[in-house]
Amino acid sequence: MSRLTKITLFVLVIIGSANAQLSTNFYSSSCPKLSSTVKSSVQSAISKETRIGASILRLFFHDCFVNGCDGSILLDDTSSFTAEKNANPNRNSARGFEVIDNIKTAVENACPGVVSCADILAIAAADSVAILGGPTWNVKLGRRDAKTASQSAANTGIPAPTSNLNQLTSRFSALGLSTKDLVALSGAHTIGQARCTNFRARIYNETNIDTSFATTRQSNCPKASGSGDNNLAPLDLQTPTSFDNNYFKNLVQKKGLLHSDQQLFNGGSTNSIVSGYSTNPSSFSSDFAAAMIKMGDISPLTGSNGEIRKNCRRKN
Ligand code: HEM
Ligand SMILES: *[C@@H]1O[C@H](CO)[C@@H](O)[C@H](O)[C@H]1NC(C)=O
């Protein structure tokens with residue numbers, strides 16, 4: 001191999017790996033107003049309905065856990081695939097799609113054809129956390145959008161609320177997320193709501209639950225399956241619109257709403273992490289921010305893979 005060939009190959013390897021990396025300044029020259037444009041749209045959506053911040057944060061999680069953070073959850077059904085938004089964990093549950101559409105329109109007006117829907121979702125999720133009082137972090141950018149979605153991957157990849165601790169840790173570790181990341185990210189349940197169908201078995205049939213909390217929740221979630229399935233209860237009974245560490249205080253008191261929540265404080269290896277976060281809000285904040293950055297790094301499409309969608313609901 002000639003010296004020139006070696007140098008050329010070396011340069012190509014460097015360029016190739018640089019392309020695969022996300023960076024916080026990815027759009028700093030191509031779309032300098034990106035951050036302020038997204039933030040003001042998220043702010044106005046949250047002013048109309050506080051819960052929408054939680055819904056956007058969850059959309060980002062459900063995007064990243066299914067073939068990486070590639071905006072696939074935003075795609076509508078087509079003749080060639082069924083949408084992830086209609087998969088079991090998302091149907092009648094995932095929300096906030098109209099807000100993402102509005103942000104995309106504002107971003108397209110400022111910088112047409114430049115910013116991916118996957119990145120818009122990552123920024124909007126971080127803005128939601130910050131606006132509701134949680135930690136801030138620099139969002140890494142440069143993801144591109146998937147051209148297809150997988151409903152079956154959404155059904156198997158997104159953890160169910162019936163999961164036990166082993167199932168949760170193994171799903172997270174398959175995506176490069178540690179047990180500490182699992183506990184920190186679950187702290188997202190300090191905001192938002194869940195439907196009766198997802199916590200009925202817990203409030204009627206489980207023993208590791210505070211009895212007065214169970215009774216309170218039973219009043220708006222009938223025992224008979226099929227009745228009141230969509231009735232809502234806050235995931236954090238104390239402050240469901242503030243991003244704080246009350247979720248962990250609830251778990252220590254056996255007041256987790258979902259079976260999967262209480263699994264994190266049920267005598268197992270994660271008990272000490274939960275009790276740590278329940279007394280040390282700043283360690284929760286910094287671990288949550290670090291874990292969100294890790295989750296946002298799951299299998300992004302970069303370089304010439306994928307595309308920059310014009311409309312987040314369909315491929316170009
Ligand atoms: C650890 C495994 C997890 C399970 C089993 C789980 C399960 C659930 C379930 C069942 C709901 C209620 C949905 C409904 O009843 O309609 C929910 C809501 C929510 N989840 Fe999770 N989740 C998990 C982790 C996460 C993570 C990692 C995040 C974000 C970082 C997150 C953010 C949220 C938010 C913010 C809501 C409220 C959404 C709203 O009010 O619209 N969850 N989750
Ligand atoms: C409680 O558990 C019993 C026995 O497994 C089951 O038959 C019943 O449907 C459960 N009830 C609820 C509300 O989940």
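Is Cys-69 buried or exposed, at what relative accessibility, and why? Cys-69 counts as buried because its relative accessibility is 0%. Buried here means under 20% relative accessible area, exposed means over 50%, and partly exposed is in between, with a 1.4 Å probe and protein chains only.

Some ground rules. This is a predicted model, where local features need pLDDT of at least 70, side-chain atom pairs count only at pLDDT 80 or more, and totals for chains, interfaces and linings use all residues. Residues are numbered from 1 along each chain as its sequence is written, chains are lettered from A and ligands numbered from 1 in the order in which they are written, and side-chain values use heavy atoms, with hydrogens and water left out.

Now the disulfides. How many does a search of the whole structure find? Four. The criterion is a pair of cysteine sulfur atoms within 2.5 Å. Counting bonded cysteines along the chain, the pattern reads 1-4, 2-3, 5-8, 6-7.

Take Cys-31 and Cys-111. Their disulfide has an S to S distance of 1.8 Å. The torsion about that S-S bond is about 55 degrees, so the link is right-handed. This pair ties together distant parts of the chain, 80 residues apart. Cys-31 sits in the loop between helix H1 (3–19) and helix H2 (34–48). Cys-111 sits in the loop between helix H4 (97–110) and helix H5 (117–131). Helices (H or I, at least four residues) and strands (E, at least two) are DSSP runs, numbered from the N terminus. Cys-31 is buried because its relative accessibility is 3%. Cys-111 is buried too, at 6%.

Back to Cys-69. Its disulfide partner is Cys-64, S to S 2.1 Å. The link is right-handed, with 115 degrees about the S-S bond. Cys-64 is also buried, at 0% relative accessibility.

Next, Cys-117 and Cys-312. Their sulfur atoms are 2.2 Å apart. This link is left-handed, at -95 degrees about the S-S bond. Again, distant parts of the chain are joined: Cys-117 in helix H5, Cys-312 in the segment after helix H14 (281–296), 195 residues apart. Both cysteines are buried.

On to packing. In soluble globular proteins, nonpolar side chains tend to be buried together. A nonpolar core here is a set of buried Ala, Val, Leu, Ile, Met, Phe, Trp, Tyr and Cys residues joined through side-chain atoms within 4.5 Å. The largest one has 65 residues. Those with the most contacts inside it include Leu-57, Phe-60 and Phe-288. H5 supplies the largest share of this core, nine residues. Domain 1 (33–159) and domain 2 (165–294) each give at least three residues; those bounds come from an automatic or database domain assignment.

Look at Phe-60. Beyond neighbours within four places in sequence, its contacts (heavy atoms within 4.5 Å) include Cys-69, Leu-121 and Met-292.

Which residue is the only protein donor of the iron atom of ligand 1? His-189, through NE2, at 2.1 Å. Donors are N, O and S atoms within 2.8 Å of the metal (3.2 Å for Na, K and Ca); water is not among the atoms, so sites may look incomplete. His-189 lies in the loop between helix H8 (179–186) and strand E1 (193–195).

Last stop, Asn-271. This residue lies in helix H13 (residues 271–279). Asn-271 counts as buried because its relative accessibility is 18%. A polar atom of its side chain lies 2.9 Å from the backbone nitrogen of Gly-267. Not counting residues up to four places away in sequence, Asn-271 touches Leu-264, Phe-265 and Asn-266.

Technical notes
A polar contact is a pair of N or O atoms within 3.5 Å; within protein, one must be able to donate a hydrogen and the other to accept it, and residues adjacent in sequence count only if both atoms are side-chain atoms.
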